[in-house]
Amino acid sequence: MFSKILIANRGEIACRVMATCRRLGVKTVAVYSDADAGARHVAMADEAVHIGPPAVAESYLQGARIIDAALATGAEAIHPGYGFLSENPDFVEAVGAAGLVFIGPDAAAIRAMGLKDAAKDVMAKAGVPVVPGYHGEHQEPDFLAEQAEAIGYPVLIKARAGGGGKGMRLVERPEEFARQLEGAQREAQASFGDPVCLLEKYVTSPRHIEIQVFGDGYGNAVHLFERDCSLQRRHQKVIEEAPAPGMSDAVRAAMGEAAVNAARAIGYSGAGTVEFIADGSGALREDGFWFMEMNTRLQVEHPVSEAITGLDFVELQLRVASGEPLPFEQDDLAIDGWAFEARVYAEDVPKGFLPATGSLAHLSFPAAAEFAPGETRIDSGVRQGGEISPWYDPMIAKVICHGPTRETALNRLSQALEASHVVGCVTNLEFLGALARHAGFAGGEVDTGLIARDLDGLMPARDVPPEMTALAALQAAGLLDGPTGDDPWEQLTGWRHWDAARVHVDLVHAGEPVQRDITILAHGHFRVDDPAEGGGVELRVAAVSGTTCAVTVAGKTLRANVIRAGHIVSVNQSGRSVEFSVPDPLASSVDDATGGNAITAPMPGLVKVVSAGAGESVKRGDGLVVLEAMKMEHTLTAPRDGTVAEVMVAVGDQVSDGTVLVVLEAGDE
Ligand code: ADP
């Protein structure tokens, strides 16, 4: 075993690797960019080396600098995590040339699987079923359009260098092909520096089922069963589970064998995942799955497989990389129970899942294991007080739940999501909670289209229950404040406001003013009225612990968590978080000079395309500007018919949240 390794990554995966290292007594070296100086992975490591500015190209993708850091700190090996340099064969070779060990497969295996087109060739030769399509060199739009016709619509355009759903476009009709191809190629070039795309037959009712494999340098290869990652949005995984619902022993054996053949075909060593697309229109079949790609690294969703096998995959990676053989054979492995993982992101779900940024003013999760199996496990690379910056993936945490049955594991997931509270930045927690309670999903109906089909029902509710606003008003009025402000509920018995029988509170929610009049009826007993709209709510509040209280309204008692962080009051109840701000009476509001005719950037990003020109008339829904944020493209469209008065940005501009991009002429329709 190694005595010291460097982790060439950040965020939760860097922390995850370090947790295992700590348990095994292996010392760790972190690397970090300027933006991550205060990050959790830096604090967790034994040593940390600064490697550059925030942009990943200048820091986390600087292989030579990372290798220098390993040499300078005496690390013997480099763990790449996922993303960044994890599947870069040149980096793997450079690590080896520097006399260090790369914790992962060799460069040849990564090269064989690195591009989806080449990988499909290798797999077809190894007798693994592959998705029909075109994966040659020709990239002329007309030629590809002909190929698409030959494959038959719907077709999927994929960047051959793709990952994370980027550079992927579903095309349902021939007339959309040219535009979608252009978008896919542009996104592929921007994200991977390689515009080459391949075409695949789009499998309808698809399920994404992947097999975890492990190989060692001694010719052993096993699979550690499957994960179902069908719950996706825009080809990105949202909730994963293991095993797959409806999986029979025969199909599992067939998929496992295909995956192990795939691993053997390239002499695979370390952890890898063979991804298949399966026909989900009926029961899973032995002839109903096809190879999509192999990921030659640890996956984000590996904890669900750890949960059902009881193994630590990072430990296995370290053992195999340090020259040990796999400590088991296929027959030694068995599935224990069921596990789910939900990916908690900073994103604005109602605004089309826009990646969000923010300071994590408050972060609390239910009691859980961290980076290690448990009924509930939380893997997070951020801490309270930390930042979700625009530079990196906006993941906040992975919530993983395990149980003896699928139902128990899913109930645990639902509860764990409800008990998670993030203040200071919007999250997808409520959306994940709705998914965890989705009747079809609970019934085991999983296919990649589920989220898109039921999107409306999964959207966070807009109306705020009156007791949540009432609790925010009580907190803002200081009626729940203890002397230190950090444990208010203990102070409920020591009211300092008996003199104030009535208190008026001004709040802001979703940009709208909210007013409440509070009447103190008795100890812990209030009436909270809305002076503007009328109506009110009577509630009793009792402390439970910390910032959690029991609220009784109309005979029903619910738990809520109420947090005050600076000018924000956040109330979390039954998995729903609502943020209010307490307005600063001194701040004056500035009139919007463009009077609602402006199209503004909804997030920080890079302007990729400007299709609007001053003086041009546009129709509602026309694309005006394409913004790239988090390596994904977002098209901003005209909110109404009109004439473009002015274009304020040019291709290549880096814009911040709220920057005016295009202005329409006032009042013209
Ligand atoms: P990436 O490497 O970008 O994650 P994948 O090739 O793994 O791309 O595909 C991502 C997702 O896209 C899959 O999980 C699946 O939902 C969908 N997908 C991929 N190929 C097909 C296909 N041929 N038919 C239907 N859906 C597909």
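1. Where is the place of Glu329? In this predicted model, Glu329 sits in the loop between α11 (313-321) and β15. Its relative accessible area is 58%, and because exposed means over 50%, Glu329 counts as exposed. Glu329 and Asn220 are 109 residues apart in sequence, yet their C-alpha atoms are 8.1 Å apart in space.

2. The overall division of the chain may be considered next. The domain assignment gives domain 1 (4-103), domain 2 (132-201), domain 3 (206-458), domain 4 (466-482 + 491-581) and domain 5 (590-664). Taken over C-alpha atoms, the centres of domain 2 and domain 4 are separated by 53 Å.

3. Which domains give residues to the shell around the ligand? Both domain 2 (132-201) and domain 3 (206-458) do, and the ligand therefore lies between them. At the level of strands, β7 (155-159), β9 (197-201), β10 (206-215), β13 (270-279) and β14 (289-295) each supply at least two residues of this shell.

4. The make-up of the shell deserves a separate remark. There are 22 residues around the ligand, and those that come nearest are Lys116, Gly165, His208, Gln232 and Glu293. By class, the shell comprises eight nonpolar, eight polar and six charged residues.

5. For Lys158, the distance between a polar side-chain atom and an oxygen atom of the ligand is 2.9 Å. Taken alone, the ligand exposes 560 Å², of which the protein buries 96%.

6. How many aromatic pairs does the count give? The count comes to eight aromatic pairs. One of these is formed by Tyr60 and Phe84, a stacked pair with 5.1 Å centre to centre and 15 degrees between the planes. The pair links distant parts of the chain, 24 residues apart: Tyr60 is in the loop between β3 (47-52) and α3 (63-73), while Phe84 is in the loop between β4 (77-79) and α4 (89-97).

7. Together with Tyr392, Tyr60 and Phe84 form one aromatic cluster.

8. A further aromatic pair joins Phe340 and Phe441. Their ring centres are 5.8 Å apart and their planes stand at 80 degrees, so the pair is edge-to-face. This pair also links distant parts of the chain, with Phe340 in strand β15 (residues 338-345) and Phe441 in helix α14 (residues 439-442), 101 residues apart. Phe340 and Phe441 are both buried.

9. Why is helix α13 (residues 429-436) described as largely enclosed by the rest of the structure? The reason is that seven of its eight residues are buried. The buried residues in α13 are Leu429, Phe431, Leu432, Gly433, Ala434, Leu435 and Ala436.

Note on methods. Residues are numbered from 1 along each chain as its sequence is written. This is a predicted model: local features need pLDDT of at least 70, side-chain atom pairs count only at pLDDT 80 or more; totals for chains, interfaces and linings use all residues. Side-chain values use heavy atoms; hydrogens and water are left out. A residue is near a molecule or strand if one of its heavy atoms lies within 4 Å of it. A polar contact is a pair of N or O atoms within 3.5 Å; within protein, one must be able to donate a hydrogen and the other to accept it, and residues adjacent in sequence count only if both atoms are side-chain atoms. Accessible areas come from the Shrake-Rupley method with a 1.4 Å probe; for residues, only the protein chains shown count as cover. Helices (H or I, at least four residues) and strands (E, at least two) are DSSP runs, numbered from the N terminus. Ala, Val, Leu, Ile, Met, Phe, Trp, Tyr, Cys and Pro count as nonpolar, Asp, Glu, Lys and Arg as charged, and the others, Gly among them, as polar. Domain bounds come from an automatic or database domain assignment. Rings of Phe, Tyr and Trp (its six-membered ring) pair if their centres lie within 6.5 Å; planes under 30 degrees apart count as stacked, over 60 as edge-to-face and the rest as tilted. Buried means under 20% relative accessible area, exposed over 50%, partly exposed in between (1.4 Å probe, protein chains only).
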